[in-house]
Amino acid sequence: MDELETIVITFDDGEEADFYVLEQTQLMGVNYYLVTPADEEDESEEAECYILKEHSDLMDKKYGTYEFVEDEKELESVGSIFGELLEDSDMEVGF
């Protein structure tokens with residue numbers, strides 16, 4: 001299996017979490033990432049996936065600023081794109 005790119009998210013409380021990037025896309029000039037927690041230990045179970053939205057206007061020189069997509073309409077729009085991108089893979093994505 002190829003090495004997956006990771007994104008490190010720092011939460012408001014200062015705690016960090018690593019996420020594997022499964023797929024990425026761009027919609028209306030905004031980058032979106034389909035991610036799963038990097039600390040998932042059991043690969044036989046279904047992994048939780050999240051969609052992150054990159055804020056390019058808030059980026060520092062090295063790292064982007066990301067937020068979890070929570071808006072239902074935005075989640076459906078981007079989720080359908082990821083569903084199409086992963087159609088030929090063995091991954092099943094539901095939103």
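Ala 17 is placed in strand β2, where strands (E, at least two residues) and helices (H or I, at least four) are DSSP runs numbered from the N terminus. The model is predicted, so that local features need pLDDT of at least 70 and side-chain atom pairs count only at pLDDT 80 or more, while totals for chains, interfaces and linings use all residues. Residues are numbered from 1 along each chain as its sequence is written, and side-chain values use heavy atoms, with hydrogens and water left out.

With residues up to four places away in sequence not counted, Ala 17 touches Ile 7, Val 8, Ile 9 and Phe 11; contact means heavy atoms within 4.5 Å. The C-alpha atoms of Ala 17 and Pro 37 are 7.5 Å apart, at a sequence separation of 20 residues.

Between β2 (16-27) and β3 (30-37), the loop contains Met 28. Although not a glycine, Met 28 has a positive phi of about 55 degrees. Most residues other than glycine have a negative phi. Met 28 is exposed, with a relative accessible area of 80% (exposed, over 50%; buried, under 20%; partly exposed, in between; 1.4 Å probe, protein chains only).

A nonpolar core is a set of buried Ala, Val, Leu, Ile, Met, Phe, Trp, Tyr and Cys residues joined through side-chain atoms within 4.5 Å. The largest has 9 residues, including Leu 22, Tyr 32, Val 69 and Phe 82. Two or more residues of this core come from each of β3 and α1 (72-85), and α1 gives the largest share, 3 residues. Apart from this core lies another of 7 residues, among them Ile 7, Ile 9, Tyr 33 and Val 35.
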